[in-house]
Amino acid sequence: MSISTKEADKILHKEKRGKLEVVGIVEVNSGEDLAAVYTPGVAGPCMEIAKDKNKAYMYTMKGRTVAVITNGTAVLGLGNIGPEAGLPVVESKALLLKRFADVDAIPIGIDSTDPDDIVKTIKNISTGFGGIHLEDIKSPECFYIEDKLKEILDIPVYHDDQHGTAIAVLAGLYNALKIVKKSIYKIKVVINGAGASGIAVAKLLSSAGVKNLVLCDVNGALVEGDNTLNVPQKKILEVTNRNFEKGKLEEVIKNKDVFIGLSVANVLTKKMVETMNKDSIVFALANPVPEILPDEAKEAGAKVVATGRSDFPNQINNVLVFPGIFKGALEVRVKDICDEMKIAAAKGIADLIDEHELNEEHIVPSVFDKGVCEAVAFAVTSVAHKRGTARA
């Protein structure tokens, strides 16, 4: 009897007891080796760092190591399942950082749902890391935690559910727009899902030039003046829905050029897609089941369709983004990953597909394309040098 994929995945994790191990890069085979790497050999580097904390980048693994941190409150599509249950995800992110960017990473679970407690914990352990990668922390707390950490830390803080998603979406959108021959400055966009990913995508698309954009949640369009919205949702309305559109998704989607789904399965129907503008673009990114299946969206008139799944064309995946982001950030020791870097990274990813390869079913490169990580890292380092924020 064949074994299901889900069971096989569990067996893999169980047999390996996770996906990471710590491997030393200096051999310890003699008393002399021991003296060099431990006592008294460590005294010299310790004293140098005591005189100048920045020398930790020279004498330790700090400058090439990232903490991948979760509290397990928003794990994949599974919800609040706790920090222990979130560990497999942050282990995976750490593994992928090493695989694609040769960046060392340590998975960490924090057993707290108090934002200030999480901020304090991360601040107190941050001295050993060159960057902080936040993962699977629910909205709106994730915004507060990231903002506070950016205020107090001297290393980059990056929430992948927000920024990785936003950069990957923008990269795909750049190429999709080339196919349908529409301008990013003139398109009308609706985003379904107003959590961390939806708000971050809306913010980055606005920074990239999208002027007509409406965010929807289960209650319909987000409109300025609605006191039921949380603080990040109210803030994003400063740059979105400036025409004050109201109504449920089926109303708002009419005459839009682009639908971006960061919500739940099967909320977009063929009838809704049929009401969109000609040669529409549909990014149905809910996992594991998208807002609409690609065949249905195309039958309804969508010209370009993307999902978050690897078994359909045009997978919009954060793995395209975060390894290169940290590779570049650590290389030049930037304090912050700014919007200019994110937009440059999206363009770098999009430009990896030349005009001869670009088509409706090929708008983003494979995550295994070696050029992806390098293009994203180059975007980060180039902008850092241009802005004068590179510190190495």
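Colleague: Where does Pro140 lie?

Modeller: Pro140 lies in the loop between strand 3 (131-134) and helix 7 (141-152), where helices (H or I, at least four residues) and strands (E, at least two) are DSSP runs numbered from the N terminus. A cis peptide bond, with omega about 5°, joins Ser139 to Pro140. This is a predicted model, in which local features need pLDDT of at least 70, side-chain atom pairs count only at pLDDT 80 or more, and totals for chains, interfaces and linings use all residues.

Colleague: Which residues are joined by the cis peptide bond with omega of about 10°?

Modeller: Thr39 and Pro40 are joined by that bond, and Pro40 lies in the loop between helix 2 (31-37) and helix 3 (43-51).

Colleague: Why does Asn241 count as buried?

Modeller: Its relative accessibility is 3%, and buried means under 20% relative accessible area, exposed over 50% and partly exposed in between (1.4 Å probe, protein chains only), so Asn241 counts as buried. Asn241 is found in the loop between helix 10 (231-236) and helix 11 (249-252), and its phi is near 50°, a positive value in a residue other than glycine.

Colleague: Why is Phe244 called partly exposed?

Modeller: Phe244 has a relative accessible area of 41%, so it is partly exposed; Phe244 is also in the loop between helix 10 and helix 11, with a positive phi near 55°.

Colleague: What makes helix 9 mostly covered?

Modeller: Eleven of the 13 residues of helix 9 are buried, including Ile199, Val201 and Leu204. Just after helix 9, Gly209 takes a positive phi of about 125°.

Methods:
Residues numbered from 1 in each chain as written. Heavy atoms only, no water.
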